[in-house]
Amino acid sequence: MKSKRYVIVDSRRFFLFITLLITVIALVMFSVMSMKGAYSMTSVEHFEEYWIKQGDTLWDIADKFAPEGYDTRRFIFDIKEHNKMETSMIYQGDKLLIPVVAVMD
């Protein structure tokens, strides 16, 4: 069985193709390595206890404790996740752990 040999017909086009291929691979690798998650600019360091009072809602609590510029809906999700809540129902006298979020620039 004969092995197939390739002949470079136009060396200029070949080297242009190789250069473009290397550039695309380098760009893809760079973007994958520098990619950050949607909320990777934040980190939870510790929690603050909050006792629910009459008339409190998760929205009001999240609005009160969320850092400026932080999405309130995302903060509600974080509160529910850290307190293992399945619904948004809260009751007077219950304790919530509020994540203290440090926003890093």
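Mentor: The model is a predicted one, and three aromatic pairs are found in the structure. In one of them, the ring centres of Tyr 50 and Phe 65 are 5.5 Å apart and the planes stand at 75°; because an angle over 60 degrees counts as edge-to-face, the pair is given that description. This pair joins distant parts of the chain, with Tyr 50 in strand 1 (residues 42–51) and Phe 65 in helix 2 (residues 58–65), 15 residues apart. Tyr 50 has a relative accessible area of 7% and is therefore buried, whereas Phe 65, at 24% relative accessibility, is partly exposed.

Tyr 70 and Phe 75 form another edge-to-face pair, with 5.8 Å from centre to centre and 90° between the planes. Both of these residues, Tyr 70 and Phe 75, are buried.

Phe 65 and Phe 75 also take part in the contact of helix 2 with helix 3. The axes of helix 2 and helix 3 (residues 72–82) come within 9 Å and cross at roughly 105°; the two helices are therefore roughly perpendicular to each other. On the helix 2 side, the contact involves Leu 58, Trp 59, Ile 61, Ala 62, Asp 63 and Phe 65. Their counterparts in helix 3 are Thr 72, Arg 73, Phe 75, Ile 76, Ile 79 and Lys 80. By residue class, this contact comprises eight nonpolar residues, one polar and three charged.

Definitions and conventions. Residues numbered from 1 in each chain as written. Predicted model: local features only at pLDDT ≥ 70, side-chain atom pairs only at ≥ 80, totals over all residues. Heavy atoms only, no water. Phe/Tyr/Trp six-rings, centres within 6.5 Å; stacked < 30°, edge-to-face > 60°. Helix = DSSP H or I, 4+ residues; strand = E, 2+ residues; numbered from the N terminus. Buried < 20%, exposed > 50% of the residue type's maximum accessible area, 1.4 Å probe, protein only. Axes fitted to C-alpha atoms, helices over the stretch in contact; angles between N-to-C directions. Parallel < 35°, antiparallel > 145°, perpendicular 65-115°, else oblique. Contact = heavy atoms within 4.5 Å. Nonpolar A, V, L, I, M, F, W, Y, C, P; charged D, E, K, R; others polar.
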